[in-house]
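Dear colleague,

I am handing over the structure that we spoke about, and below it you will find what came out of going through it. Please read the notes with the model open beside you.

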Amino acid sequence: MKEGEGRRVLHIDLTRKRIKIEERRDLFRAFLGGTGVAINLLAEECPKGADPLGEENPIIFAVGPLSALYPSASKTVAMFKSPLTGNLGESHCGGRSAMAIRLAGYGAIVIKGSSEIPMYLTIHGDEVRFRDASSLRGIDAETVGRILREVEKKGAGARTIIRIGRAGERLVRYACAVTETYRHFGRLGLGAVMGAKRLKAVVVSAEKSVEIPKAKRSEYKRVYDEIQETVVRTDAMEKYHDLGTAGKLYGLAKKGGIAYKNLESASPPEEIARELSGENFADRFLARRISCSHCPVGCVHLAALRELYEPGHYFKTTTIPYDNEPIWAVGFMLGMRSAADCLRLIDLVDTEGMDVMSTGVTLAWATEAYAKGLLTKEQTEGLEFRWGDARLYSEAINKIVEGANEFYRNLARGVEHASSVYGGKDYALAFGGNEMPAYHTGLACYINNLTGARHSHLDSAGYDLDQKLAGAGKEKELGLEEVVRALLKEEEWRQVLSSLVVCFFARKVYTAEVTARALDAIGVEGWTAEKLEDLGRVIHRAKMEFKFREGFSLAGLRIPKRIFEVLTLQGFLKEADLRRAIEIYGRMLVGGEGREAP
Ligand code: SF4
């Protein structure tokens, strides 16, 4: 690949069926790639107040300077205006996406407009084709992948197929996009944005390679080997391979830090904790592990679920990816008593192409609201929501996707919206409009959920800080200000990782010092640890600026009362502390002193 190709931006206009390729040295030089470049493109391309489901809302896919060149730099960033929260939409995904986009010769792809007919795009180097996807309409995400793998064989070794299922087509606000077979741009509704554009899939393939400058080759090999050694021979990423992320579930449940049945408690019964543990999934169902391209870790755990087609008929075996969050969302959160039932729900949500966390939290709210008499049988079309009923939840998921009636159409807009229509806000577990992750560990996880730019636990890993503090008996010692500062610092550093774009699971490998050397060894010179940290701050502020521009307000954040009623690892939380933390965060955001954040 020629020098500069990793800095090219491919613009695709679905309305006019036109493309434009431009080189954006300015952006890639200043912001590296990934999140840093994407937030700038989003600010340029997305008009203020744009309808997230309108044709003005761009979809931006961006990779980084380390993509395809170093181990575990395997993620792609998707950015868009979120149809779920109405502000920043950002989601990360692995599979082969990063390698394919980079080797196709792009640092970023911007898709705007909308098509009159269902369409899919093929991007093979500079060759972009607009294909009729009418025959793929209404087809689930897994089958679409299978069909396109057969039809679009070009560059199959470095090919990614990003597609949506029925949920995206039907504009479920938390629909996801699936890549390859087991990875997702999960959160904040990329699937719905694609669906609104009638874009069923994007196939990117390539046959190029990235050239390292001659003078740098021996240095590149040295740094590469060092990183590879850390990844495979130290304990930095070991846990992700063995039991995978599901390995933490049992311990978290025992500690009393995981939301169970819509946070009725944070301590599930022992038999449930065992049944839904990573150990049980591995013992009974683990078939194999796979990896994203250019990552030796293999954290993607695949279960084989063998069951009868119908009573009396022979077996079928379904391969289902599992992780801690899916198991939590449709397992613990829905009071599931069987790991096999939990896998069936994960499979259904995956096939329809929905964010599993938002789906689980929304159904959990509906179950509690139904039990409390806020919802009637007429509204639910006869479904009597109750904990642990996998068949019922499957029917409900189908009804959400199909938009069966007004109630299910409201559920398709997420729990923030549904609770604003039917009540039950005190236990509607969304933060900043995004449904909560698994953790009920303490103050830091909720500061993270509320103030993080994506309202995702991955913004600043507050759950991790809570557990460290509780483990060291220091949760009372660290003042609010220090907790907020630590979270903000973590979130800022993560902007660097997601601009490179490195998998967050490799965050212990890519320290600031290693990152600076890794960049230098591929000819991206001049980055020091200090400069990288400054960049993280700049990117984070740009993301928050976009949120504020689109109406997000720290002062307006709703905090569900439920989180104050259930014991955490730090005892009961107080609303006054959380409100105070949000204020401190707002002050730090604008550089410490001076003007108030919105
Ligand atoms: S650690 Fe897992 S998610 Fe991250 S790049 Fe590797 S295989 Fe993909």
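Before the strands are described, one term is needed: two strands are said to pair if DSSP finds at least two bridges between them. Please also keep in mind throughout that this is a predicted model.

With that term in hand, strand 1 (residues 8-13) pairs with strand 2 (residues 18-23) in the antiparallel sense, over six bridges, and within this pairing Val9 stands opposite Glu22 of strand 2. The two strands make a hairpin with four residues between them, and in its turn Lys17 has a positive phi of about 55°. Strand 1 also pairs with strand 6 (residues 108-112), here in the parallel sense and over five bridges, and Val9 stands opposite Ala108 in strand 6.

Leaving aside residues up to four places away in sequence, Ile60 touches Ala38, Leu41, Leu42, Ala78, Met79, Phe80, Ala108 and Val110. In soluble globular proteins, nonpolar side chains tend to be buried together.

On the scale of the whole chain, the domain assignment gives domain 1 (5-205), domain 2 (249-421) and domain 3 (441-507 + 528-589). The C-alpha centres of domain 1 and domain 2 lie 27 Å apart, and 29 residues of domain 1 are in contact with 24 residues of domain 2. On the side of domain 1 that touches domain 2, the elements giving two or more residues are helix 4 (141-151) and helix 5 (166-169), of which helix 5 gives the most, with three residues. By class, this side of domain 1 has 13 nonpolar, eight polar and eight charged residues.

Which residues surround the ligand? They are Ser72, Ser74, Gly94, Tyr240, Ser291, Cys292, Cys295, Val297, Cys299, Val300, Cys503 and Phe505, and this shell divides into eight nonpolar, four polar and no charged residues. Because domain 1 and domain 2 both give residues to the shell, the ligand lies between them.

Finally, a word on helix 19 (residues 462-471), where Gly462, Tyr463, Leu465, Asp466, Gln467 and Leu469 are buried. The buried residues of this helix pack against helix 18 (443-451) and helix 20 (480-500), and just after helix 19, Gly473 takes a positive phi of about 65°.

With best wishes

Key:
Residues numbered from 1 in each chain as written. Predicted model: local features only at pLDDT ≥ 70, side-chain atom pairs only at ≥ 80, totals over all residues. Near = placed C-beta within 6 Å. Nonpolar A, V, L, I, M, F, W, Y, C, P; charged D, E, K, R; others polar. Domains from an automatic or database assignment. Contact = placed C-beta atoms within 7 Å. Buried ≥ 20, exposed ≤ 12 C-beta atoms within 10 Å, placed from the backbone.
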